[in-house]
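Student: Before we look at anything in detail, could you show me how to read the salt bridges and the buried positions of a model such as this one?

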Amino acid sequence: MCLIGGYVHQHVQCSYMCTACSVAGAFLDVVTFGEAMACFVSSAGEIGSASDFTKSIGGAEANTSIGLARLGDSACWISRVSTDPLGDEIVSVLTAEGVDVSHVLRTDAAQTGLMLKDRLSADSVRVFYYRQGSAATHLTPGDIRESLL
């Protein structure tokens with residue numbers, strides 16, 4: 001299957017070497033497309049007064065790819081991230097989780113998106129997105145290989 005923009009499609013055979021399973025012409029179980037961001041969550045309280053943060057990555061499609069790879073599916077994530085350290089971290093985390101990132105485009109012309117979260121209470125979180133002009137906003141339909149759709 002293929003999850004693009006939240007819609008599920010049947011997946012077709014890949015015409016490249018899949019880095020997730022190392023098989024040429026392999027079938028991918030899942031292809032996702034979307035923006036991943038560096039995520040910083042305050043340990044307690046509002047961001048403005050917090051001094052401790054936990055760093056992770058965020059983005060529904062990247063998280064879906066990670067979850068499915070953990071379940072044994074071959075997953076590919078397509079996006080564009082910056083060549084900045086946060087873009088490096090996103091690619092590194094997804095690779096370590098077994099997600100194929102061979103179609104991720106890198107750029108030094110835009111920054112990687114950022115998400116900040118306030119932890120107001122145990123069950124209350126406020127989210128701030130800094131995505132305008134991010135690397136992923138410059139991704140175009142022509143950047144995606146037709147063989148993956």
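Tutor: Let us begin with R126, which counts as partly exposed because its relative accessible area is 34%; buried means under 20% relative accessible area, exposed over 50%, and partly exposed lies in between (1.4 Å probe, protein chains only). Bear in mind that this is a predicted model, in which local features need pLDDT of at least 70 and side-chain atom pairs count only at pLDDT 80 or more, while totals for chains, interfaces and linings use all residues. Residues are numbered from 1 along each chain as its sequence is written, and side-chain values use heavy atoms, with hydrogens and water left out.

Student: With which residue does the side chain of R126 meet in a salt bridge?

Tutor: Side chains of opposite charge can pair when their charged atoms come close. The criterion for a salt bridge is a side-chain nitrogen of Lys or Arg within 4 Å of a carboxyl oxygen of Asp or Glu. Here R126 meets D118, at 2.5 Å from N to O, and D118 counts as buried, at 1% relative accessibility. Both residues belong to a network of salt bridges that also links E46.

Student: How many salt bridges does the count come to by this rule?

Tutor: The count comes to 7 salt bridges. One of them joins E97 to R70, with the closest N and O atoms 2.7 Å apart. Because E97 lies in the loop between α2 and β8 (105-107) and R70 in helix α1, this pair ties together parts that are 27 residues apart in sequence; helices (H or I, at least four residues) and strands (E, at least two) are DSSP runs, numbered from the N terminus. E97 is partly exposed, at 25%, whereas R70 counts as exposed, at 60% relative accessibility.

Student: Which residues of helix α1 are buried, and what do they pack against?

Tutor: In α1 (residues 60-70), the buried residues are E61, A62, S65, I66, L68 and A69. They pack against β3 (30-33), β5 (53-58), β6 (75-78) and α2 (85-96), where contact means heavy atoms within 4.5 Å. Just after this helix, G72 takes a positive phi of about 100°.

Student: How many disulfides does a search of the whole structure find?

Tutor: A disulfide is a covalent bond between the sulfur atoms of two cysteines. With the criterion of a pair of cysteine sulfur atoms within 2.5 Å, the search finds 0 disulfides. As for individual cysteines, C39 counts as buried at 3% relative accessibility, and C76 is buried with a relative accessible area of 0%.
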